[in-house]
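Hi,

Here is the structure I promised to pass on. Have a look at it first, and my notes on what turned up follow below.

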Amino acid sequence: MMAFRGISKRFHLILSPSNPSYAASQFFFSRGFSSKLFVKGISFSSTEKSLAEAFSKFGHIVESKIIRDKASNRSKGFGYVTFATEDEARKALMEMNGKLVDGRPVFVDNA
C-alpha cells in the first residue's frame, strides 16, 4: 500500500500545473477533436450512401461506414462519417445531433 502511495504522489507531481512538462502530459491524456464522427441511432434501412448524403452539406465526406452484423448483414444502428477537415466535422456535429436521417433521430459524437 505504501508503494502505491509513493507512485500516486509522483504521478500527481508529474501532472502538476507548476511542472514545466505539464503541457506534454496534458496532451498525452487529452483526446483532441478528429474529423471522424460516431453516429448512433441509424435506421436499419439506411445505406452508407444515404448517410453520406445527409452529412454532405457540411463538407467533403471522405468515408461513411455503417457497422453491420456479420451473420445477418443487417445494420447494428451505428456507424462513422469521416470528413476532410476537423472544421467540417465540428460543424456537422453541432448541426446533425438529434436531426432525422431516414426517419430516425441520429446522435452524433466525436469518434
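A word on one term before the rest: I say that a charge sits over a ring when NZ of Lys or CZ of Arg is within 6 Å of the ring centre and within 35 degrees of the ring normal. By that rule, the charged end of R74 sits over the ring of F44, 4.0 Å from its centre. K36 does likewise with Y80, lying over the face of that ring at 5.1 Å from its centre.

Please keep in mind that this is a predicted model, in which local features need pLDDT of at least 70 and side-chain atom pairs count only at pLDDT 80 or more, while totals for chains, interfaces and linings use all residues. Residues are numbered from 1 along each chain as its sequence is written, and side-chain values use heavy atoms, with hydrogens and water left out.

The inside

Helices (H or I, at least four residues) and strands (E, at least two) are DSSP runs, numbered from the N terminus. I call a residue buried under 20% relative accessible area, exposed over 50%, and partly exposed in between (1.4 Å probe, protein chains only). In helix α3, which spans residues 48-55, the buried residues are S50, L51, A52, A54 and F55. Those residues pack against several elements, including β1 (36-40), β3 (75-83) and α4 (86-96).

F55 deserves a click. Contact here means heavy atoms within 4.5 Å. Leaving aside neighbours within four places in sequence, F55 is in contact with V39, I61, V81, F83, A92, M96 and V108. A nonpolar core is a set of buried Ala, Val, Leu, Ile, Met, Phe, Trp, Tyr and Cys residues joined through side-chain atoms within 4.5 Å. The largest such core has 19 residues, and F55 and F83 touch the most other members. At least two residues of this core come from each of β1, α3, β2, β3 and α4.

The strands

Two strands pair if DSSP finds at least two bridges between them. β1 runs antiparallel to β3, with five bridges, and antiparallel to β6, with four. On the β3 side, K36 has T82 as its bridge partner. On the β6 side, L37 stands opposite N110 and K40 is partnered by F107. L37 and V39 make up the covered face of β1, whereas K36, F38 and K40 are on the uncovered one.

The rings

Rings of Phe, Tyr and Trp (its six-membered ring) pair if their centres lie within 6.5 Å; planes under 30 degrees apart count as stacked, over 60 as edge-to-face and the rest as tilted. That rule gives three aromatic pairs. One of them, F38 with F78, is tilted, at 5.7 Å centre to centre and 45 degrees between the planes. F38 lies in β1 and F78 in β3, so this pair ties together parts that are 40 residues apart in sequence. Ring pairs link F38, F78 and Y80 into a cluster. F38 is partly exposed because its relative accessible area is 25%, and F78 is partly exposed at 26%.

The loop

Finally, D69 lies in the loop between β2 and β3. D69 counts as partly exposed, at 28% relative accessibility, and is in contact with R74 and K76, again leaving aside neighbours within four places in sequence.

Best wishes
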